[in-house]
Amino acid sequence: MGTGTSRLYSALAKTVSSSAAAPHPEYLVSADPDHLEPIDPKELLEECRAVLHTRPPRYQRDFVDLRTHCSSSHSPIRVMQWNILAQALGEGKDNFVQCPVEALKWEERKCLILEEILAYQPDILCLQEVDHYFDTFQPLLSRLGYQGTFFPKPWSPCLDVEHNNGPDGCALFFLQSRFKLINSTNIRLTAMTLKTNQVAIAQTLECKESGRQFCIAVTHLKARTGWERFRSAQGCDLLQNLQNITQGAKIPLIVCGDFNAEPTEEVYKHFASSSLNLNSAYKLLSPDGQSEPPYTTWKIRTSGECRHTLDYIWYSRHALSVTSALDLLTEEQIGPNRLPSFHYPSDHLSLVCDFSFNEEPDGLF
């Protein structure tokens with residue numbers, strides 16, 4: 001085990017454990033990445049597993065090969081979408097009645113989250129419900145070579161929880177060795193002309209290997225039943241913003257998010273029928289290629305058991321192909337007490353896809 005990694009992790013553990021007593025100034029100031037030494041992802045993964053040695057091992061998930069033709073000569077782009085569950089909400093508001101309190105403790109749950117990220121090694125990471133950006137994810141992931149952006153919710157529900165760590169929001173990370181940042185936009189979503197509490201980040205990146213550009217966006221729409229029209233309006237606003245950023249679909253697009261909407265909702269239909277020509281990547285895992293997974297979140301609250309498909313990775317079908325996708329946990333793996341658990345740190349499953357650029361047709365770019 002590298003002593004540098006051990007020192008990093010012990011220092012981080014002290015920072016996180018002491019932050020509960022502070023009035024959460026940490027989220028206001030980012031650590032300077034120039035003063036952080038690089039770390040080996042394998043060593044950090046070992047460090048996480050050492051912390052988790054009393055927990056059951058993480059379940060194996062396999063990638064499904066979805067290639068329909070010869071693959072590109074360039075390396076695929078691996079994208080991970082994940083609502084990681086805000087720590088303040090997990091411990092304070094979400095009422096996961098079948099989840100032991102010990103399973104939600106941040107000192108170990110953060111290691112489960114990092115283990116999942118390190119196991120799949122995404123080139124781009126799109127996260128929701130991040131309330132430990134500046135004290136955990138930004139310092140660690142920057143040392144792994146990622147560049148990060150965080151956009152908090154204006155009125156995060158985390159701030160209502162005692163001993164919170166600041167607001168939750170969306171975070172977007174990309175590997176600086178693979179991509180160059182061309183443009184970045186933080187979007188506060190509107191609904192019926194009103195500014196809302198939901199946000200998005202959209203960035204135009206250039207692949208250093210191929211020189212091709214694309215836009216990657218992350219969002220988290222309004223939750224709960226009864227807010228369907230509100231979500232629909234937020235989705236329309238996001239699509240309009242992305243229409244402008246991609247110059248009317250001239251720039252290929254990937255949109256990751258917890259949409260809080262089943263495929264039957266209007267906001268899903270807006271994305272599926274948009275002039276941006278988007279397809280939902282995880283439909284490709286179904287036998288007919290037209291059906292979403294049966295669930296991306298599965299939990300038990302005081303109100304009962306909830307199994308829904310809410311999380312999606314949308315992509316420009318004219319410009320990009322999905323070469324593989326990570327299969328979901330089975331019902332047996334999830335277990336009768338559902339999520340989160342000692343096995344899995346969030347109530348939402350991570351989605352991971354590999355993308356390749358299609359051959360460049362004339363007039364599309």
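# Close-up views of a predicted model

**View 1. The lining of the largest cavity divides into five nonpolar residues, one polar residue and four charged residues.** Here Ala, Val, Leu, Ile, Met, Phe, Trp, Tyr, Cys and Pro count as nonpolar, Asp, Glu, Lys and Arg as charged, and the others, Gly among them, as polar. The structure is a predicted model, in which local features need pLDDT of at least 70 and side-chain atom pairs count only at pLDDT 80 or more, while totals for chains, interfaces and linings use all residues. Residues are numbered from 1 along each chain as its sequence is written, and side-chain values use heavy atoms, with hydrogens and water left out. The residues lining this cavity are R58, Y59, R61, L112, E115, E116, L329, H343, Y344 and P345, and its volume is about 70 Å³. Three cavities of 30 Å³ or more turn up when the whole structure is searched. On a 1 Å grid over the protein atoms alone, a cavity is a set of points where a 1.4 Å probe fits but cannot get out, a pocket is an open set with protein on both sides within 12 Å along at least five of seven lines, and lining residues have an atom within 4 Å of a point. Grid points are joined across faces, edges and corners, a volume being the space filled by probe spheres set on the points. E46 belongs to helix α2 (residues 41-51) and, with a relative accessible area of 44%, is partly exposed; buried means under 20% relative accessible area, exposed over 50% and partly exposed in between, with a 1.4 Å probe and protein chains only.

**View 2. The largest pocket has a volume of about 900 Å³.** Its lining is made of 36 residues, of which K222, A223, R224, N260 and R301 are the closest to the centre. Two or more lining residues come from each of β7 (194-207), α6 (228-245), β11 (297-301) and β12 (304-308), where helices (H or I, at least four residues) and strands (E, at least two) are DSSP runs numbered from the N terminus. By class, this lining holds eight nonpolar, 14 polar and 14 charged residues.

**View 3. The largest nonpolar core contains 71 residues, of which I124, F137, F173, F214, I216, I254 and F355 touch the most other members.** Helix α4 (residues 106-120) supplies the largest share of this core, eight residues. Such a core is a set of buried Ala, Val, Leu, Ile, Met, Phe, Trp, Tyr and Cys residues joined through side-chain atoms within 4.5 Å. Leaving aside residues up to four places away in sequence, I254 touches V79, F214, C215, I216, A217, I313, W314, Y315, L320 and F355, contact meaning heavy atoms within 4.5 Å. Another core, of 24 residues, lies apart from it and includes L221, V255, A261 and Y312.

**View 4. Strands β6 (residues 179-191) and β7 run antiparallel and are joined by eleven bridges.** Two strands pair if DSSP finds at least two bridges between them. N183 stands opposite T204 of β7, and T204, at 4% relative accessibility, counts as buried. Beyond four places in sequence, the contacts of T204 are K180, L181, I182, N183, Q213, F214, C215 and I245. The hairpin of β6 and β7 has two residues between the strands, and M192 takes a positive phi there, near 50 degrees.

**View 5. Helix α5 (residues 133-143) is mostly covered, with eleven of its eleven residues buried.** The buried residues include Y133, F134 and F137 as well as D135 and R143. G145, which follows α5, has a positive phi near 100 degrees.

View 6. Most residues other than glycine have a negative phi, and most peptide bonds are trans. The peptide bond from L339 to P340 is cis, with omega near -10 degrees. R338, placed in the loop between α8 and β15, has a positive phi of about 65 degrees although it is not a glycine, and its relative accessible area of 10% makes R338 buried. A249, in the loop between α6 and β9 (253-258), likewise takes a positive phi, near 75 degrees, and counts as buried at 11% relative accessibility.
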